[in-house]
Structure formats: structure tokens, C-alpha cells
Amino acid sequence: MIVIDPARDPKPYYDFAKLHAADIVGVIETHPHADFVSSHLEIHQKTGATIFASELTGAGYPHKAFDEGDVIELNGITLKALNTPGHSPDSICVLVEDENGNDIAIFTGDTLFVGDVGRPDLREDAGNITAKKEELARQMYHSTRNKLMLLPENAVVYPAHGPGSLCGKNMSPDLQSTIGRELHENYALQPMDESAFVKLLINDQPFVPKYFSYNVALNKKGAPEFDNSVNAVKIISDGFTPDNKSIIIDTRPKEKFSKGHLAGSINLQDGEKFETWLGSIIGPEETFYLVGESKVGLNRVISKAAKIGYEKNIKAAILLPDNANEISDSLDLNDFKTHQNNYLVVDVRNRGEVNEGVVFKHSINIPLPELRKRINEIPADKPIVVHCAAGYRSAAATSIIAAAIKTIPVYDLGEEIIAFKSHHA
């Protein structure tokens, strides 16, 4: 079998191969990924599988070029490379042809998603080839119109990502599609000229997390072995307390964090997108401690950090020490509802969300990924109330602001924002 765009932990692919009595003979990288670290080099080292990648990648690992016109024969099917620049200059798609020469499926990497295409603004400062977003958007127009949209409508589309990835802006929750469905439903594949497409694709893209360019560079050379990397992180359970200059990421639920935490710590809860927010708030050059309430939980967040190559940034993982006695401020919701002008509201949603509507008219907007750098823009002349869309980001933001501004209370509106939004609508 051949694995395409593997995640950081290769164990699921080894298990799948064993289940089907298969040998992993190849790994295909559709491009150097920005939003996760791939295990392509580790799989090659463990199994001897050949890594296939576009020569444009400038890969620093052993590989075989896989570009337009190149084919791989596998178990009666043929895998064909298509060069499809747009998300990145070195993006390829992998077309699957059956024994009768029919195009039956395509692995689209980050070129075509269900309901979207890959964003073109991630390679202006990263990778072997850099390109401006306008240039890549134009290339995406031609990759979709001249290649992907010409495939049979019943060809199955397998993208590298589902919903939640920041490599696109409008992804469906579905994990696969067909060319026909995308032709009918995907906004980016509708009839329009090149200039309209470029404008549409560039507008309203989500923020670019701090770790993206770091992951491109790491994937270009190949990441170290997963198990050894995560096992190298020390877990400390003897009440050790980091110094007050260190970054501390407390991964517990915010209800527990608010009742007692280490001074200055950031409450980044262990959740579905933990690693995305970790790499959005903390830069790849920064080190930090992780705090949790169990070794099982700490091992889980260490593995999540490794998905973006941040396991090397962890100074240690710590079981919550006894002196975690900082208590979060508790908001009097009735007073806030009655006297909103007595509070400063900080909205930490992204600009695209804010453009769709503000909840509090006089709020100031500082998106969470920018908050640590822009903390001095927040006036400290009245109590602060922080909100996002559902409560996850506001917990992190409240902890960041409270650590920096100690002269006034800082409150997390949390899930209560939903009631305000319903009233606002």
C-alpha cells in the first residue's frame, strides 16, 4: 500500500497495513504541509518505503520525483501525478486510474477540498519556492479549470483535510466528495473570470497561525521519529513550580482553571483544536511548560503538540502543584447586563467573524492570535469582559489579559455569549 499525506503519528498506518497483510511501499507528499507535521521520513526509515514528492519541493529527505507525467503502478491501478500549483507552488494531486484506464478517484491534497480550494497566502515567506498570494491564486484558477474540473464527474475526491483546517475558509464537514458535486456546489468552481476568482479567493481568508511557516520548513526536511520525540518530554509530578518568567500552558477545563492556577498561566484547554491554538498563540521559537491534572491527560496534549512539531518546545509537563492558588475573577452577569457601559468588552474573534456582526457595540476587537503582542492596546480604566463565539478562545484570552493587567478585574463571558448573540439577532 501507499500512504498519502500521513499525519505525525505513523502507528495507524502500520496497524492498517498489518490488518490487511499489506506492505507499505510508498509515501506520497502532495506538498510541504503548513498545518501539520508529516511522518513521511519516519515511515521511509522504518519500512523502506519510497517517498514521492514534486521535484519543486526541494526536499531534504530521500525521495523520488513525482511530477506531471510520472506514474506509479500499484496492485492493478495506476497513480498519476498532476502538478496543481495554487495552494503552494509545489502542490500535486494524485489521480487514480483503474485497470481499464478510467479516472476513478483523485487525492487532491490541499488543492481541492469539499466545498473549497486551498488558500493561496501561505507561501509568501516559506518553502523552497515562495510566491505572492495573487500569483498563486491565478495558478489555482488554471489548476482547477484546466485539470481538476475536466475530470469525470463520478471521480471521487479525497482531500487532505476536513473541517477545521485553516488551509481553507469554507470546508464542508464531509471527508470526501465527487468532481460532479464540487462542480455544482463549490463556490470556487463556479463560472467566473480569472480576476474575479483571484479576488474571491484572497478575500476573507482566516488568520495564519504562527507555526505554519515552521511546519513547511520541517516537512521539507522531514521530522524526527514520533515516539522518541514525545517520550523525551519529562513529566514532573513532585510539585515543581516554573519560574514566573516562563510561559505556562494550563490545559485543564476552564472551570477548574478558574478555581486555582499558577500565576501568569494561559488556559488553553485540551480540546479538539488544542494544537492549532497552541501554535497560534505560541511561536515556534518559544518554549513553555504544560500543566495538567493527570499523566494520561499530559501525554495526550504532548502528542497533540507533536502534531505541529512543538514537542521540542516543551520544557516539561507538570502535574498541577499545590501552590496553584490564583483564582479567576467571577462576573456578576446581572450587573453586566444592566450596566454594560461600566465595563470594557474585548472581542477576541477573528476579523471575518466580527465583519459579520458585533455583539457589543462599543467592544474592541483583538483576535486571540494577536493578543499577546497587542495587550498594551487595552485600556485598564474599567473592568474587562472578554468574549468570543462559544467560550474556548475567551478562556485563553481572559487568562492572557489577567496575567498582564492586574489592577482591575478581568472576566470571561464564556458560554453566556450565546444568550447575548441570540438577543442581538
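Q: Leaving aside neighbours within four places in sequence, which residues is Ile-282 in contact with?
A: In this predicted model, Ile-282 is in contact with Lys-210, Ile-247, Ile-249, Ile-266, Phe-288, Tyr-310 and Arg-372, once its neighbours within four places in sequence are set aside.

Q: OK, and is Ile-282 buried or exposed?
A: Ile-282 counts as buried, because its relative accessibility is 0% and the cut-off for buried is under 20%.

Q: Where does Ile-282 lie?
A: Ile-282 lies in the loop between helix 9, which covers residues 274–281, and strand 16, which covers residues 288–292.

Q: What separates the C-alpha atoms of Ile-282 and Asp-5?
A: The two C-alpha atoms are separated by 25 Å, with Ile-282 and Asp-5 lying 277 residues apart along the chain.

Q: Switching topic, in what order do the 4 strands of the open sheet come?
A: The order is 1-2-3-4, and the pairing in this open sheet is parallel. Its edge strands are strand 1 (2–4) and strand 4 (64–65), each of which pairs on one side only.

Q: How many bridges join strand 3 to strand 4?
A: Strand 3 and strand 4 run parallel and are joined by 2 bridges, and Phe-52 stands opposite Lys-64 in strand 4.

Q: What about Thr-50, where is its place?
A: Thr-50 has its place in strand 3, which spans residues 50–53. With a relative accessibility of 32%, Thr-50 counts as partly exposed.

Q: And which residues does Thr-50 touch, not counting those up to four places away in sequence?
A: On that basis Thr-50 touches Val-25, Gly-26, Val-27 and Lys-64. By contrast, the C-alpha atoms of Thr-50 and Val-359 are separated by 53 Å, the two residues being 309 residues apart along the chain.

Q: Now the backbone: what is the phi of Ala-21?
A: The phi of Ala-21 is near 50°, which is a positive value in a residue other than glycine. Most residues other than glycine have a negative phi.

Q: Where is Ala-21, and is it buried or exposed?
A: Ala-21 has its place in the loop between helix 1 (11–19) and strand 2 (26–28), and it counts as exposed because its relative accessibility is 75%, where the cut-off for exposed is over 50%.

Q: What about Asn-75, what is its phi?
A: Asn-75 is not a glycine either, yet its phi is positive, at about 50°. Asn-75 is found in the loop between strand 5 (71–74) and strand 6 (77–83), and with a relative accessible area of 75% Asn-75 is exposed.

Notes
Residues are numbered from 1 along each chain as its sequence is written. This is a predicted model: local features need pLDDT of at least 70, side-chain atom pairs count only at pLDDT 80 or more; totals for chains, interfaces and linings use all residues. Side-chain values use heavy atoms; hydrogens and water are left out. Buried means under 20% relative accessible area, exposed over 50%, partly exposed in between (1.4 Å probe, protein chains only). Contact means heavy atoms within 4.5 Å. Two strands pair if DSSP finds at least two bridges between them.
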